[in-house]
Amino acid sequence: DADGGAIGRRIRLGREAEGGGRYARVEGEEPVLVLDAALVRSILTPLVDREPLRVDPTAVDAVTLERGGKTRAIDPAKGDLAPDEQAALGALAALGAAAAPTSFTRPAALDAHPNRVTIRVRTRGDAAPTSVTLVACPRTDDATWDLFVAGAPAVFRIERARLAPILAVAP
């Protein structure tokens, strides 16, 4: 709007229109319009892929935590996990829902942050095991941390309390 504030409007998408677009209506307004197929795809495509943050704890083969040159491994296959290891796996499973996107580019300083914790998760599934590397770094207040997937540009913000079970088992 004119004073620089955000404008919130809902657009309801209808059935497919001739030519591949979709019928649409701005909520609260009468006219129906047709959005072209490319615009519909861009509206329906998530801006930030959270999939690498989604961890199914039942599919985890191994977790390796690194901090300050020290490493600790959690091996769910060994069976009897310690309570702190179980809590860490539960916190990993909740990361996808708890993390909020903050930007689409990561400052290089995060890669070399002295207090960063690197979390490597290897999972098994229908295909060969896959691996994802997450890196968490405290912000200036330590109450919130930046979380990013190695090799991906997006940075997520997460409350330290949500990471606490993971940080507790990190070396």
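Modeller: Buried means a relative accessible area under 20%, exposed means over 50%, and partly exposed lies in between, using a 1.4 Å probe and protein chains only. This is a predicted model, in which local features need pLDDT of at least 70, side-chain atom pairs count only at pLDDT 80 or more, and totals for chains, interfaces and linings use all residues. Residues are numbered from 1 along each chain as its sequence is written, while side-chain values use heavy atoms, with hydrogens and water left out.

Colleague: How many helices and strands does the chain have?

Modeller: Helices (DSSP runs of H or I, at least four residues) and strands (runs of E, at least two) are numbered from the N terminus. Read from that end, the elements follow the order β-β-β-α-β-β-α-β-α-β-β-β-β-α. The totals for the chain are four helices and ten strands.

Colleague: In which element of the chain is confidence lowest?

Modeller: Confidence is given as pLDDT, the predictor's value for each residue, from 0 to 100. For the chain the mean is 79, and 82% of the residues reach 70 or more. Strand β3 (residues 32-35) has the highest confidence, at 91, whereas the lowest, at a mean of 63, belongs to helix α3 (residues 108-111).

Colleague: Within what arc do the buried residues of α4 fall, seen down its axis?

Modeller: An α-helix has 3.6 residues a turn, so residues three or four places apart point the same way. In helix α4 (residues 160-169), the buried residues are Leu-163, Ile-166, Leu-167 and Val-169. They line one face of the helix, because, seen down its axis, they fall within an arc of 165 degrees.

Colleague: Which exposed residues sit on the face of α4 turned away from its buried side?

Modeller: The buried side is the one that carries Leu-163, Ile-166, Leu-167 and Val-169. Turned away from that side is a face whose exposed residues are Ala-161 and Ala-168.

Colleague: Which residues does Ala-170 touch, leaving out residues up to four places away in sequence?

Modeller: Ala-170 lies in the segment after α4, and with 10% relative accessibility it counts as buried. Contact means heavy atoms within 4.5 Å, and beyond its sequence neighbours up to four places away Ala-170 touches Leu-65, Arg-67 and Val-117.

Colleague: Is Thr-144 buried or exposed?

Modeller: Thr-144 lies in strand β9 (residues 144-149). Not counting residues up to four places away in sequence, Thr-144 touches Pro-138, Arg-139, Arg-157, Ile-158, Glu-159 and Arg-160. Its relative accessibility is 18%, so Thr-144 counts as buried.

Colleague: How far apart are the closest N and O atoms of Glu-29 and Arg-9?

Modeller: A salt bridge is a side-chain nitrogen of Lys or Arg within 4 Å of a carboxyl oxygen of Asp or Glu, and the whole structure holds five of them. Glu-29, in the loop between β2 (22-26) and β3, and Arg-9, in the segment before β1 (11-16), are 20 residues apart, so the pair links distant parts of the chain. Glu-29 is partly exposed at 34% relative accessibility, while Arg-9 is exposed at 52%. In their salt bridge, the distance between the closest N and O atoms is 2.1 Å.

Colleague: How many residues apart in sequence are the parts that Arg-12 and Glu-27 tie together?

Modeller: Arg-12 is exposed, with a relative accessible area of 51%, and Glu-27 is partly exposed, with 38%. The two form a salt bridge whose closest N and O atoms are 2.7 Å apart. Because Arg-12 lies in strand β1 and Glu-27 in the loop between β2 and β3, the pair ties together parts whose separation in sequence is 15 residues.

Colleague: Which residues are linked with Arg-72 in a network of salt bridges?

Modeller: Arg-72 and Glu-85 meet in a salt bridge of 3.3 Å, N to O. Arg-72 lies in strand β5 (residues 70-74) and Glu-85 in helix α2 (residues 83-98), 13 residues apart. Arg-72 is partly exposed, at 25%, whereas Glu-85 is buried, at 5% relative accessibility. The network links Arg-72 with Asp-84 and Glu-85.

Terms used
Arc of directions from axis to C-beta.
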